[in-house]
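Subject: Handover of a structure and notes on its features

Dear colleague,

Please find the structure below, together with its sequence. My notes on what was found in it follow, and I would be grateful if you could read them beside the coordinates.

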Amino acid sequence: HLEVSIERHMVKMRKGLLCALTVLGAFAVNVPLPERDLRLVRWNETTTEWIPLSVVEGMAKECGASDHGGFIDITETPNLSPNNFTKSIPRDFPAPSHEKEVKSFFGSIDPESIRGCVSKLISFGTRYYKSTTGVQAAEWIRDQFNDAKPGSASLFKHSWAQPSVVARFPGKTADAQVVVIGAHEDSIAGGTLAPGGDDDASGVCVVIEAFKALAKGNFAPDRTIEFHTYAAEEVGLWGSAAIANNYQDNQVSVYSMLQMDMTLYSHNGKPECALISDYTDSSLTSFVGQVIKAYTTLPVTSKKCGYGCSDHASWTLAGYASAFPFEAMPINPNIHTARDTLNTLNVVQGVEFVKIAIGYLVELGLTN
């Protein structure tokens, strides 16, 4: 931590020099990723800075239980911001009204399936975005979706090694709005072992379990619903920013986005859900709170997470509506270490987060 902190301090001292390299950095956007030395990092709504990739990776490893917030790496998405198209998408989220349909899928939720999924993702050793095992983990996730619903999932490839994954339940019309749920598939730690059980195998497995339940029940939504797992979240939301940017460029009408990042840790063994109140859409967040109250036993609090703390921030930056239900506070002290394993996690709480996911997807996937 001391070494990275000193390096971060040196970066700040070199800020003037790095800013002078903006022209070089702009050129680097079109250079293959392994040859780049600098990354364009957005610290908040007004401040961006070119810094070395090695420092970005070091900061990502350092961030964890001691920090909230983060940063967004916009090297490949420098123009990502709300535009007239995303601003025009309606943000009316009616109160939950499909109780029968939602609860019909709950019987298919299997806590042992969640446990097995987390255990499998941990078994890759690391899911770091540059690693072979990070690629293999993404391919395994794709296969879980396709096993439950053949042909539903594909890899979304990037300029770095690890791909993201996108799975779909198509809506009833070709131009249907899209309801998105996501989690991040990569992991990081200070050493070579980065199990990432809570951060974020837990979120990925909640998304997969919700998908399986809906597939088993032959859910036929009016709006298209998509299940995303994002590559390279830990180093600045690379995967989600790339997909949000792609969707904005192609005018995909994303009605809503829900992030599942860290869902299985219970502080003092008491299940809880914290709705993130900053850098999210207040109307969608209020709706998700209603879903939690209607369909789970989780007590709900409201917390701030800080800038760029997870993939929902990419969608907010693009001008789409996002929300983020989080596990217990204070934050899990084991993340970004070799201790982030199943031994510290509560699968029963994960079942409640799957109910949140299903409630969100069914309520917004149906239009009447």
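I begin with a residue pair in a sheet: the bridge partner of Val41 in strand 3 is Asp73. Helices (H or I, at least four residues) and strands (E, at least two) are DSSP runs, numbered from the N terminus.

As to provenance, this is a predicted model, in which local features need pLDDT of at least 70 and side-chain atom pairs count only at pLDDT 80 or more, while totals for chains, interfaces and linings use all residues. Residues are numbered from 1 along each chain as its sequence is written, and side-chain values use heavy atoms, with hydrogens and water left out.

The sheet

Strand 1 (residues 38–42) and strand 3 run antiparallel and are joined by two bridges; two strands are taken to pair if DSSP finds at least two bridges between them. They belong to an open sheet of three strands with the order 2-1-3 and antiparallel pairing. Its edge strands, each pairing on one side only, are strand 2 (48–52) and strand 3 (72–73). Helix 4 (residues 53–62) lies across strand 1 and strand 2, and runs at about 100° to strand 2. For that angle, axes are lines fitted to C-alpha atoms, for helices over the stretch in contact (heavy atoms within 4.5 Å), and angles run from 0 to 180 degrees between N-to-C directions.

The disulfides

The structure holds two disulfides, a disulfide being a pair of cysteine sulfur atoms within 2.5 Å. Numbering the bonded cysteines of the protein chain in sequence order gives the pairing 1-2, 3-4.

Cys117 counts as buried at 7% relative accessibility, and Cys205 is buried with a relative accessible area of 1%. Here buried means under 20% relative accessible area, exposed means over 50%, and partly exposed lies in between (1.4 Å probe, protein chains only).

Cys305 and Cys309 also form a disulfide, with their sulfur atoms 1.9 Å apart. The torsion about the S-S bond of Cys305 and Cys309 is about 120°, so that disulfide is right-handed. Both Cys305 and Cys309 are buried. A further cysteine, Cys273, counts as buried at 0% relative accessibility.

Backbone features to inspect

The peptide bond from Asp199 to Asp200 is cis, with omega near 0°. Asp200 lies in helix 9 (residues 197–216).

Leu237 has a positive phi of about 65°, although it is not a glycine. Leu237 is found in the loop between strand 7 (224–230) and helix 10 (238–249), and is buried, with a relative accessible area of 1%.

Met262, likewise not a glycine, has a positive phi of about 75°. The loop that holds Met262 lies between strand 8 (254–259) and strand 9 (273–276). Met262 is buried, with a relative accessible area of 3%.

With kind regards
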